[in-house]
2 protein chains.
Amino acid sequence: MTSIRYDVLGLGNAIVDVIARADDDLLVKHGMRKGSMSLIDEARAAQIYDAMGPAMEISGGSAANTIVGVASFGARAAFIGRVKDDPLGNVFGHDIRAAGVAFDTAPSADGPSTGRCYVLVTPDGERTMHTFLGAAQDLHPRDIDDEAVASAAITYLEGYLWDPPHAKEAFRKAAAIAHQAQRQVALSLSDAFCVDRWRDEFLHLVRSGVVDLLFCNEAEVRSLYQTADFDTAIAALRGDAPRAVVTRSAKGCLVIEGPQTIVAPAYPVDRVVDTTGAGDLFAAGFLFGMARGFEDERSARLGALAAAEVISHLGARPETSLRALAQENGLLK
Amino acid sequence: MTSIRYDVLGLGNAIVDVIARADDDLLVKHGMRKGSMSLIDEARAAQIYDAMGPAMEISGGSAANTIVGVASFGARAAFIGRVKDDPLGNVFGHDIRAAGVAFDTAPSADGPSTGRCYVLVTPDGERTMHTFLGAAQDLHPRDIDDEAVASAAITYLEGYLWDPPHAKEAFRKAAAIAHQAQRQVALSLSDAFCVDRWRDEFLHLVRSGVVDLLFCNEAEVRSLYQTADFDTAIAALRGDAPRAVVTRSAKGCLVIEGPQTIVAPAYPVDRVVDTTGAGDLFAAGFLFGMARGFEDERSARLGALAAAEVISHLGARPETSLRALAQENGLLK
């Protein structure tokens, strides 16, 4: 058995966020679904960018945000994802490496430019996202570094990988390598509409044991089981997933394993500035705790703390050391 | 006489800021001059970027920040500056236009990439800047839109334009057009080390009447007259400049015109997060007031208010409507 080199390795779409504040009117005018993520092509990206106010660029990508959070807690972390060799690809690579994450996926020399997510943040702190996948579209099974995956205690995969054509094969390959090396595989359901696009395949992943741990929020689990009733969805999830964490925004989260349920509270936040990355950073704290062998409740509290940090400012990456924050809050020594 | 189309037109280096928090140790280790702006080539830019933590990209450029501030107060504003037709040039163009500024300078099709300023923000909120001018290097007199300048009540020029080889000719051309149309010309001294590089030429601009209004801070006016004594510098400035505004950080500012001196206070700020853009936004408020025909003291208060807004967050562009902020503070109806 290979020795453990990484606590968590993430596989996801490598994206730079283009973030601007927006009024609700703008969303209505452009027929946008508040709080969701929509995939767009380059022409629609140009339209949306034209409609947006002055913006800022901050590296993003769901699993990438999670992995940066894991590194910020002080764990060993790696990321696999595809950018282009262009200025925004350079920004993505700089930011993730500067956060202490190993990132060795070769950038594309040609083809579409580095992926971008246009994030509109309304006054209530909610984010509405439109993603041009760009180079992330071209993640292939050959981009999987077998040795890196085999030497990671947990491999973390985002549901958004089901959108690009070959990324799901990369996902399956990584999951197989991880299990062969007797490692854990975690999946995030990413977005309720993403679940809508890929429901059957996600259910199959969960039921067939490809995934050991599932992360989702209320809307995603309801979408997965096509029910408006949360309890019905949870009962179904309990039967399907070996282990699942369901986040419920200010209501905290549930950790479900067989008949057992652990409930953990959210951390209070003075003012929600931008919810982008809340789920990603929750996963970061939980995965970090899991890699350290903590009890689920402590891991959930670490997740809640990281989520509280990221929603208190613009952008989906932590602005402070999560390790120091966890120490201040008595969750780490 | 052409009718007035713009209240303020700015001419400057078109730059995207790459902003990261940094410890003082990093500045010491890399031999950086805290609080200053240094010019760098692409190789040094790569070195500095490698040494920086995770960053965010926000459009910048000294005069560009000022002009965006002027537009945020609700005035008609235009900007002339050179980017390349590349992703960061696209970011710069989007952000300035989305702020309501007319920006029609054609981007370079080839040559160096869009200019970048690497901004290191230390825990005290001070910023240390390293600028790769890139495409801004190629601003030429032919980029001056004669009609736009002639129809702007005030043409505002940044001292940094003395660094690129042909930009000073563009500057002189714009100043001549403005004066021919009986408009006002304002200049910012930009940075004490920039003054050090171009002292004689800046003094000549001020003494020969090319400039009607000079903006500077304490360090810059002391550098201009090569004296450590502030009062000596102010006495010399009074003899040379038809009109000058000297900003003194938390001590407020002086407006000097012949024997007359007006003193205006700074606005209190809860916590200084990032001083980048303080001088740029002070100039925005003052120029806006001047364009509206306000008394100097009211214009200075508008400047102080805009500076207070910009130093309370990361980045050198306002995050809120300066018009609304001025109304809340009783400076505008």
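Predicted model: local features only at pLDDT ≥ 70, side-chain atom pairs only at ≥ 80, totals over all residues.
Which residue of β12(B) does F215(B) stand opposite? Residues are numbered from 1 along each chain as its sequence is written, and chains are lettered from A, with ligands numbered from 1, in the order in which they are written.

**Stop one: strands of chain B**

Select strand β12, residues 244-247 of chain B, where V245(B) is the residue that stands opposite F215(B). Strands here are DSSP runs of E with at least two residues, helices are runs of H or I with at least four, and both are numbered from the N terminus. Two strands pair if DSSP finds at least two bridges between them; β12(B) has four bridges to strand β11 (residues 213-217) of chain B, and these two run parallel. Another four bridges join β12(B) to strand β13 (residues 253-257) of chain B, this time running antiparallel, and V246(B) has L254(B) as its bridge partner in β13(B). Between β12(B) and β13(B) the hairpin has five residues, and S249(B) takes a positive phi near 50 degrees there.

Now show the side chains of β12(B): A244(B) and V246(B) point one way, V245(B) and T247(B) point the other way, and all are buried. A residue is buried if 20 or more other C-beta atoms, placed from the backbone, lie within 10 Å of its own, exposed if 12 or fewer do, and partly exposed in between.

**Stop two: helix α4 of chain B**

Next select residues 87-98 of chain B, which form helix α4, with 12 residues and a reach of 16 Å from its first C-alpha to its last. That is close to the 16 Å expected at 1.5 Å a residue, where the expected span is 1.5 Å times one less than the number of residues. Nine of the 12 residues of α4(B) are buried, among them L88(B), V91(B), F92(B) and I96(B). Following α4(B) you will find G100(B), whose phi is positive, near 95 degrees.

**Stop three: the nonpolar core**

Select V8(A), L287(A), V8(B) and L287(B), which touch the most other members of the largest nonpolar core, a set of 243 residues. Such a core consists of buried Ala, Val, Leu, Ile, Met, Phe, Trp, Tyr and Cys residues joined through C-beta atoms within 7 Å. Not counting residues up to four places away in sequence, the residues that V8(B) touches include I67(B), V70(B), Y156(B) and L287(B); contact requires C-beta atoms, placed from the backbone, within 7 Å.

**Stop four: a loop of chain A**

Move to V269(A), in the loop between β14 (260-264) and α10 (278-291) of chain A. V269(A) counts as partly exposed because it has 17 C-beta neighbours inside 10 Å. Leaving aside neighbours within four places in sequence, V269(A) is in contact with A308(A), I311(A) and S312(A).

**Last stop: both chains**

Finally show both chains: chain B can be laid on chain A with an RMSD of 0.0 Å by a turn of 180 degrees and a shift of 0.0 Å along the axis, using least squares on the C-alpha atoms of residues with pLDDT of at least 70 in both copies. This is the relation of a two-fold axis. To find the axis, select E57(B), whose C-alpha is the nearest to it in chain B, at 2.4 Å.

Definitions and conventions
Contact = placed C-beta atoms within 7 Å.
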